Amino acid sequence: MNIRIFEHEDDLNAAGAGIIASLLQTKPRATLGLATGSSPVGIYRHLTAMYHRNLISFAQVSTVNLDEYVGLSSDHPESYRSFMNKHLFDEVDIPLANTRVPNGNAPDLQAECAAYDRLIDDRGPVDLQLLGIGHNGHIGFNEPAESLIGGTHVVELDEQTRTANARFFDSIDDVPRQAITMGVASIMKARQILLIARGGDKADIIRRAFTGPITTACPASLLQCHPHVVVLLDREAGSRLS
């Protein structure tokens, strides 16, 4: 595991974008596993700038996103499809047909989960999976539990997770209670994993995830078992690592 800590936000974003750009330059048909939330926004901004400078192309890239809320339409401003369109897909040359986000409004959510797993298998293995980390150690929406589900599944969101995401909604009552998420086995199958964390409020869980025991009570700790993980942290997020 390669853990890098940055003094400056822009340096972190540039490093993350550089890792992804290097993959696209050597493998134009790469499959990217993408994430939403505040952590990857700066990386997507750097990738967009690199595209506009003709340094990279997404024309042959395929993407699969980690998760999506249940019950939000794809055009809802807080849906993860809307997030990806706004921050990356609409800004580069990727065909939208090559992008996939779970359908949280599917009439049969279990069938949607099974179809998503088949899609990942068909496009995979994912060449690079981008991750954030929740305050409770979740990756994707795989919440702490006695056991974790390997494949794509519907999850009841932890109240800590809903509270953390309430800043994006008018109130916590508007935050969905369920989501579809890629499972931990699918995440762990990626050839490379790139995890981003920022802020002092992530310092405790970063220390626990990457220096503590491997346990389903902290899903991110399972990444210690992956052979190719890069963790990019700002100084605050990495402050409790020795």
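This short talk covers the overall fold and then strand S9.

A word on the model first. It is predicted, so to speak of local features we ask for pLDDT of at least 70, and side-chain atom pairs count only at pLDDT 80 or more, while totals for chains, interfaces and linings use all residues. Numbering starts from 1 along each chain as its sequence is written, and side-chain values use heavy atoms, with hydrogens and water left out.

Now the whole protein. There are seven helices and 10 strands; these are DSSP runs, helices being H or I of at least four residues and strands E of at least two, numbered from the N terminus. Of the 242 residues, 52% are buried, meaning under 20% relative accessible area with a 1.4 Å probe, protein chains only.

On to S9, residues 193–197. Five of its five residues are buried, so the strand is largely enclosed by the rest of the structure.

Next, the neighbours. Pairing takes at least two DSSP bridges between strands. S6, residues 128–131, runs parallel to S9 with three bridges. Leu130 has Leu194 as its bridge partner there. S10, residues 229–234, is also parallel to S9, through five bridges. Leu194 partners Val230 in S10.

Note on methods. Buried means under 20% relative accessible area, exposed over 50%, partly exposed in between (1.4 Å probe, protein chains only).
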